[in-house]
Amino acid sequence: MTRLEVSVDYGAITRNVVRLRATTTAQVMAVVKADAYGHGLVPASRAAREGGATWLGVAQPDEALALRAAGDTGRILTWLYGPELPARALLAAGVDLSASSLEVLDVIVSAARQDGRRARVHVCLDTGLAREGVRAEGLSALLDAALAADDAVEIVGAWSHLAWADQPGHPTIDLQAQAFRDALAVIEARGVALEVRHLANSAATLTRPDLHFDLVRPGIAVYGLPPVEDPAGASFGLEPAMSVTASLALVKDVPAGQGVSYGHDYTTPAATRLGLVTAGYADGIFRSAGNRAEVAIDGRRHRIAGRVCMDQVVLDLGPDAPERAGDRVVLIGPDGPSARDWARAVDTIDYEIVCRFGGLKGKTPA
């Protein structure tokens, strides 16, 4: 092995869903968008189903269709598209659709009537995030159109998304929750009997049981990475599912004062031993990780020395280091740094870390 290897413990995903289900009386939708946050769309979805996820959530229509093609027969919701959505294919596949504009609703209605189907639609509400979703002043018009097309559309759900749930106690959480309840009252006053109302993402699933409604939508927590700190310091019992490893290709001794990698951004402070890892930014390692991020070899941490190159990085192993060529290098894993450690090192979030590594490399079941 000379480049990065990404492995996923799908059993951990199953166990994480079981733990998340234990936190709520609501149904659980496992969010598996973006190739299941880099963990592999189909195998991660199967693992989530095994843990008791009664719904799967994806952003893109092609993800929903891929799940159906792989044999998933449970409830699936897809939500991120404009009027170009492949509505006929989605309806034929029995996928629930989100509508946050009249333009999208018109396409859904047309497709349903063309094929003699009745679309299951979730009204997407903008309660303050200002991304997808209909604002309060546009809700009545959207409902009018949907109810007028009740031969083609059944409103089965209403949902929204929180902007600051990863900061428990932030005032916007309660403001959005109230806006959501107000919108639900408008919908229900029109005689709509909603099957599911859903607002809670991972953070709210873990910290706000009052916002669980009928369905919760954990995403990053499914993969063992809670977006909020556990007051008990136990990560809510969740297990990170992804590991990223490489190997040492070369170990050599150098003198004090040796510049390392392009631009000599790192200079050895004393005679030392350097190790070469043949993976770089083409493999998902952030270029900004130079002199900041750490890896582990046999439990010992080593910081990346100097710039990250396209296909290699250098480690300062220290004088008389025991490491040898061929040794396993852990970038992310239980015996090395975590995705959160990498996120802190390169000033991002662990969502981006796992998507970056998982998205560029093949997944190997652990």
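Start by selecting Arg131 and Met310, which UniProt lists under "binding site" in an unreviewed entry; UniProt positions follow the numbering used here, feature names are shortened, and annotations may be inferred rather than shown by experiment. The two span 180 residues in sequence, and the farthest two C-alpha atoms are 34.9 Å apart, so they do not all gather at one spot. Of these residues, Arg131 is included in the lining of the largest cavity. A cavity here is a set of points on a 1 Å grid over the protein atoms alone where a 1.4 Å probe fits but cannot get out, and lining residues have an atom within 4 Å of a point.

The model is predicted: local features need pLDDT of at least 70, side-chain atom pairs count only at pLDDT 80 or more, and totals for chains, interfaces and linings use all residues. Residues are numbered from 1 along each chain as its sequence is written, and side-chain values use heavy atoms, with hydrogens and water left out.

**The two listed positions**

Centre on Arg131, in the loop between β6 (119-124) and α7 (136-148). Helices (H or I, at least four residues) and strands (E, at least two) are DSSP runs, numbered from the N terminus.

Then go to Met310, in the loop between β15 (300-303) and β16 (313-316). Met310 is partly exposed, with a relative accessible area of 47%; buried means under 20%, exposed over 50%, and partly exposed in between (1.4 Å probe, protein chains only). Show Gly280, Tyr281, Ala282 and Asp283 as well: Met310 touches them, not counting residues up to four places away in sequence. Contact means heavy atoms within 4.5 Å.

Select Lys33 next, in helix α2. The UniProt annotation "modified residue: N6-(pyridoxal phosphate)lysine", from an unreviewed entry, covers Lys33. Lys33 is partly exposed at 29%. Its contacts beyond four places in sequence are Gly57, Val58, Ala59, Glu63 and Trp79.

Which ring pairs with Trp79? Trp159 does, in a tilted aromatic pair with 5.5 Å centre to centre and 50° between the planes. Rings of Phe, Tyr and Trp (its six-membered ring) pair if their centres lie within 6.5 Å; planes under 30 degrees apart count as stacked, over 60 as edge-to-face and the rest as tilted. Trp79 lies in the loop between β4 (75-78) and α5 (87-92) and Trp159 in strand β7 (residues 153-159), so the pair ties together parts that are 80 residues apart in sequence. Both Trp79 and Trp159 are buried.

**Other aromatic rings**

The whole structure holds five aromatic pairs. Another to display is Tyr37 with Tyr351, tilted at 35° between the planes and 6.3 Å centre to centre. Tyr37 is in helix α2 (residues 33-38) and Tyr351 in helix α11 (residues 350-360), 314 residues apart. Tyr37 is buried at 8% relative accessibility, whereas Tyr351 is partly exposed at 29%.

Now select Arg356 and Phe286. The charged end of Arg356 sits over the ring of Phe286, 3.8 Å from its centre (the criterion is NZ of Lys or CZ of Arg within 6 Å of the ring centre and within 35 degrees of the ring normal).

**Thr24**

Finish at Thr24, in the loop between α1 (10-21) and β2 (27-31). Is Thr24 buried or exposed? Thr24 counts as buried, at 13% relative accessibility. Its side chain reaches the backbone nitrogen of Ala26 at 2.9 Å.

Conventions:
1 Å grid on protein atoms, 1.4 Å probe; cavity = no way out; pocket = protein on both sides within 12 Å on 5 of 7 lines; lining within 4 Å. Polar contact = N/O pair within 3.5 Å; in protein donor to acceptor, adjacent residues only side chain to side chain.
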